[in-house]
Protein chains: 2
Amino acid sequence: MKICVVGNCGHSGQMIREGAKVQEAEFVGYCPSYLEEDLNNIEQIFEANSYYPARYDNYKSMLKKETPDVLVVDSMFCDHCSITSYALECGINVFCEKPVALSLKDCERLEKVEQKSTATFWAMQTLRYEPWTYTAKKLIDQGAVGQIRMINCQKSYKLGKRLAFFSDRNKCGGLITWVAIHGIDAIQYLCPQHFRSVFARHSNAENSGNGDLETTSICLFELDNNVLAHVNADYYRPASAITHGDDRIRVVGTEGVLEVIKNKVFLINMQNNDEQPQELVPQDQIPTIFGDFLQTLQGYSIGLLNASQSILITKLALLARDSADSEKLLYL
Amino acid sequence: MKICVVGNCGHSGQMIREGAKVQEAEFVGYCPSYLEEDLNNIEQIFEANSYYPARYDNYKSMLKKETPDVLVVDSMFCDHCSITSYALECGINVFCEKPVALSLKDCERLEKVEQKSTATFWAMQTLRYEPWTYTAKKLIDQGAVGQIRMINCQKSYKLGKRLAFFSDRNKCGGLITWVAIHGIDAIQYLCPQHFRSVFARHSNAENSGNGDLETTSICLFELDNNVLAHVNADYYRPASAITHGDDRIRVVGTEGVLEVIKNKVFLINMQNNDEQPQELVPQDQIPTIFGDFLQTLQGYSIGLLNASQSILITKLALLARDSADSEKLLYL
């Protein structure tokens, strides 16, 4: 399978490493997604994995020349939708960084393109492929917490030094669509019910000079059957912390409470009390997200993701962001 | 100081124990707050502390006969406001279980009565008097987290066997006004800024036959300066858990993140990383809430609470509940 990569704004480096473990994968081309984009990082990863893809100036000439099976889209987030649409229209399978679009209108356009295309489309909703999330899902599906009534999620990241386009919300989409979106994905993955509505808030105060980038957000969702869910997200994780993120998931059910904290899964139910929760190790080994995408293309896997889940999660994040902007309760 | 107690619907037992440690405190009378209320629990506590107060049929005759300095109000929650108002109008100091009223109108009526009265009025907002909350407050005021940008709170209780009136929201007020209210109090105590607005959701599904009692809620507040805050509350803590509640507070600031988990206080900032957060023990010893109320009456303390904070916190909880009922964003 011939793979091309456009841009290095998000997780293309991780995806090249994951692809390198798939025997049939061959990286044949790459290009920047904007003028003077620094591609040094992914060039090093290519070399470390003995790939010597051709460098191009822009993705259209790259796709024309290389006619790849797969395009990894990791451009500035504002360009995800147009690049993805172009590639899908060419019949090229696309694995795109989230969010897949920066407006609900673009989401709907992409949806139509995807439906007409013979190619496969997934977004980089990586949280589903973390062993702890997967383990949580398996337990929940086995009935470990009974009927889910509430999900509480946290995403806390270090702000660090962000690429310049993060300062411009028209280019990056903001905190909810980049960070909280993982929590939204976790909610939908663990509780595959229809999202009825969202009310959200965010703030771009005290953002260390990062333009209009938000630093805090809270999104409150209602799913069918009055299941409540929320995601609180922030960029205030202290720089001294050892891990980049402090992600948490808490699933409250009629028969128990399951939590993911520090990448570990804990369960309290009638058999396990709070002093001795059941700690679920070892966690299940699952494929990487890009590995699963490639295996799904080859027919070896049915995949934890698909196009409709990829577009839906971005839609929900955009709806949450629009709610925070407008101070209005919005319905899906 | 002569103290009378009406009812045993909430924490009057705890307050009698706390009062017993104050030398000048003398419990002289008690009565039920509704027909056939079981007062066995507080009778045992009186006896264990060598108090032999007179039992009355109703609070009005008790107040007339005993002319106490203090009335502890622990009736069905729907009667808090009328009993408190009556006592305040008689010039009797009142220490009332929260919520102090079950409607915003009643809150405003109570506010007027309180302003006219010479007596002192506090609600049982016990979270401020927990050593961990107090320690958190002290650290925050010393600048440990910089400027507060977000507060995330959790209240999770066992449902257990509730008194019959909990099944009737007209009598008990619901989950937000009984449980989430503590989180609201923590937010206001730790970040004493004006609350601008609230949006909330709750659900009374799967409540084990407890009438219209809600079992889950999430309240999302915006305070001045775009400070965001939320409280998620539930009655799904498994019966097997050793502690009744799983309360958490997370305060996110520009310079650090402070957390209260399992009654311990942890701080991560530039000096402390996540693998070795600063754990703040021993925690500060502070008076009990009822002890502080009595000492404040005697002029020995300035008190962590007062009438306006007591009424405000109930108002915020009622506003949150009204938001959840109406699916509307409400402003204070």
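The model is predicted, so local features are described only where pLDDT is at least 70, side-chain atom pairs count only at pLDDT 80 or more, and totals for chains, interfaces and linings use all residues. Residues are numbered from 1 along each chain as its sequence is written, chains are lettered from A and ligands numbered from 1 in the order in which they are written, and side-chain values use heavy atoms, leaving out hydrogens and water.

Let's start with the sheet. Six strands of chain A form an open sheet in the order E3-E2-E1-E4-E5-E6, with parallel pairing. Strands E3 (54–55) and E6 (121–123) of chain A stand at the edges with a single partner strand each, so one side of each has no neighbour in the sheet.

Strand E1 (residues 2–6) of chain A pairs with strand E2 (residues 26–31) of chain A over five bridges, and Ile3(A) has Phe27(A) as its bridge partner in E2(A). E1(A) is also joined to strand E4 (residues 70–73) of chain A by four parallel bridges. Here Val5(A) is partnered by Val72(A), and Val72(A) also stands opposite Phe95(A) in E5(A).

In a regular strand, side chains alternate between the two faces of the sheet. In E4(A), Val70(A) and Val72(A) lie on one side and Leu71(A) and Val73(A) on the other, and all are buried, meaning under 20% relative accessible area with a 1.4 Å probe, protein chains only.

Next, the helices. H3 (residues 59–66) of chain A packs against H4 (residues 80–89) of chain A at about 20 degrees, with axes 11 Å apart. That makes H3(A) roughly parallel to H4(A), a label for angles under 35 degrees. Tyr59(A), Lys60(A) and Leu63(A) of H3(A) meet Ser82(A), Ile83(A), Tyr86(A) and Ala87(A) of H4(A), contact being heavy atoms within 4.5 Å.

Finally, move along to strand E8 (residues 195–203) of chain A. Eight of its nine residues are buried, so E8(A) is largely enclosed by the rest of the structure. Eight antiparallel bridges join E8(A) to strand E9 (residues 216–223) of chain A, with Ala200(A) opposite Cys219(A). E8(A) also runs antiparallel to strand E15 (residues 330–331) of chain A, joined by two bridges.

How values were computed. Axes fitted to C-alpha atoms, helices over the stretch in contact; angles between N-to-C directions. Parallel < 35°, antiparallel > 145°, perpendicular 65-115°, else oblique. Buried < 20%, exposed > 50% of the residue type's maximum accessible area, 1.4 Å probe, protein only. Pairing = 2+ DSSP bridges.
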